[in-house]
Amino acid sequence: MLSPLVLKVGTESDKEKLFGCENIAPEWIESDYYTGRAHLTISDLSLSYITRLTFLFKACVGCFPEDWQSLPIIFLIPAFSSKEHTKVLFNSYCKALPLLSEHKQIFFYPYGRAASLLAIKQIEQLLSGNNTSRALIVGVDSHHKLCPTSQEACDSHYEESHITVCDSMAVIQVEFSEQGLVSHWHGKSAQAKVNEKGQGIANLFYLLDKQSDLSIDAIHLPLNNTTKMANEWLDQLPGIASLLSSELKCLFNGIRVGDLGTTMGIFNLLHTQSLYQNGELDTDQTILQLDLSDGLYQSAVLFGWQNEISDAA
């Protein structure tokens, strides 16, 4: 079961608005650094990318549970072009929260938008053992357009001028429960530069079609108002056409809330949980989530809902 201790897009943290049907209106930013639409948590647009991420992280740590030092922590990290930037970011986090450097069970997923789904197996492994029944997932991100002078910001593969750029934060406590989300199928792929556009998604959907016979009743598709991102998966949907329900629900959170980067995946996970809890999805229905990073990786998970553990489990 996922419990958000922090979930914020800009200054908005109302889950009914974040997971509602209407777009969340961004503010127009007029500055020497950036002109466009944004959900801002931090108004200063002169900060470097890592400094901005550290400020966002520091704003979250007051909401950590009291026993956070005893819990495994999964960090969702932007898809930096260099591993050194991941090290620099973590060192900066440790300066904001010194006890973090002494923590013994930290897991890094530096895969941007695909990070949360790529961490699913690790989370399941942690909670299936006898050592812990809880873990923390921490992710913050800021669009590189809000850090135009920074050298560390990740270059987006899906760049278009009219996207809504965001600061976003998520601290999620995940706990073993007899009811909640279950993963029926999990896949990942890499889109190498030498491959044709969409080949990574084609490989994912091929595996899904071969390895699962469950009908797909809803799908979270990545679409941050960019045709480049849509083109990655749009032409590949026929590969799973036989699995798609005739009453398929398509969800495009990137249109409503903007480009959340690394926190997009965990945002969609929380939205999926709320769909089941609010009865918008029946407990016998499934939902597919597809996430695309700005780097090599794509990941997809077919989720369902479990009311209680069966005797076979």
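Some ground rules. This is a predicted model, so to speak of local features we need a pLDDT of at least 70, and side-chain atom pairs count only at pLDDT 80 or more, while totals for chains, interfaces and linings use all residues. Residues are numbered from 1 along each chain as its sequence is written, and side-chain values use heavy atoms, with hydrogens and water left out.

Confidence comes up now. pLDDT is the predictor's confidence in each residue, from 0 to 100. The protein averages 91. At least 70 is reached by 94% of the residues. Strand β4, residues 73–76, has the highest confidence, at 98. Helix α7, residues 227–234, has the lowest, at a mean of 88.

Next, the cores. Buried means under 20% relative accessible area, exposed means over 50%, and partly exposed is in between, with a 1.4 Å probe and protein chains only. A nonpolar core is a set of buried Ala, Val, Leu, Ile, Met, Phe, Trp, Tyr and Cys residues joined through side-chain atoms within 4.5 Å. In soluble globular proteins, nonpolar side chains tend to be buried together.

The largest nonpolar core here has 41 residues. Ile74, Tyr109, Phe267 and Ile287 have the most contacts inside it. Helix α9, residues 264–277, gives the most to this core: seven residues. Another core lies apart from it, with 39 residues, among them Ile50, Phe64, Leu89 and Leu100.

Which residues is Ile287 in contact with, leaving aside neighbours within four places in sequence? Contact means heavy atoms within 4.5 Å. The partners of Ile287 include Ala218, Leu251, Tyr276 and Phe303.

On to the aromatic rings. A pair of rings is described by the distance of the centres and the angle of the planes. Rings of Phe, Tyr and Trp (its six-membered ring) pair if their centres lie within 6.5 Å; planes under 30 degrees apart are stacked, over 60 edge-to-face, and the rest tilted. The structure holds 14 aromatic pairs.

Take Phe75 and Phe90. Their pair is edge-to-face, 6.1 Å centre to centre, with 75 degrees between the planes. Phe75 sits in strand β4 and Phe90 in helix α3, residues 83–96, so this pair links distant parts of the chain, 15 residues apart. Phe75 counts as buried because its relative accessibility is 0%. Phe90 is buried too, at 17%.

Phe75 also pairs with Tyr93. That pair is tilted: 5.9 Å centre to centre, 35 degrees between the planes. Tyr93 is in helix α3, 18 residues from Phe75. Tyr93 is buried, with a relative accessible area of 3%. One aromatic cluster takes in Phe57, Phe64, Trp68, Phe75, Phe90, Tyr93 and Phe108.

Now the cysteines. How many disulfides are there? A disulfide is a pair of cysteine sulfur atoms within 2.5 Å. The count is zero. For Cys166, the nearest cysteine sulfur belongs to Cys147, 13 Å away. Cys147 is buried at 1%, and Cys166 is buried at 1%.

Now a loop residue. Thr283 lies between α9 and β11 (287–292). Is Thr283 buried or partly exposed? Thr283 counts as partly exposed, because its relative accessibility is 38%. Not counting residues up to four places away in sequence, Thr283 touches Tyr276, Trp305 and Asn307.

Last, salt bridges. A salt bridge needs a side-chain nitrogen of Lys or Arg within 4 Å of a carboxyl oxygen of Asp or Glu. The count is six.

Arg52 bridges to Asp167, with the closest N and O atoms 2.9 Å apart. Arg52 is in helix α2 (residues 49–60) and Asp167 in strand β7 (residues 165–175), 115 residues apart. Arg52 is buried, at 0%. Asp167 is buried, at 0%.

Arg113 bridges to Asp294, with the closest N and O atoms 3.0 Å apart. These two are 181 residues apart in the chain. Arg113 and Asp294 are both buried. Shared partners join Arg113, Asp259 and Asp294 into one salt-bridge network.

Technical notes: Helix = DSSP H or I, 4+ residues; strand = E, 2+ residues; numbered from the N terminus.
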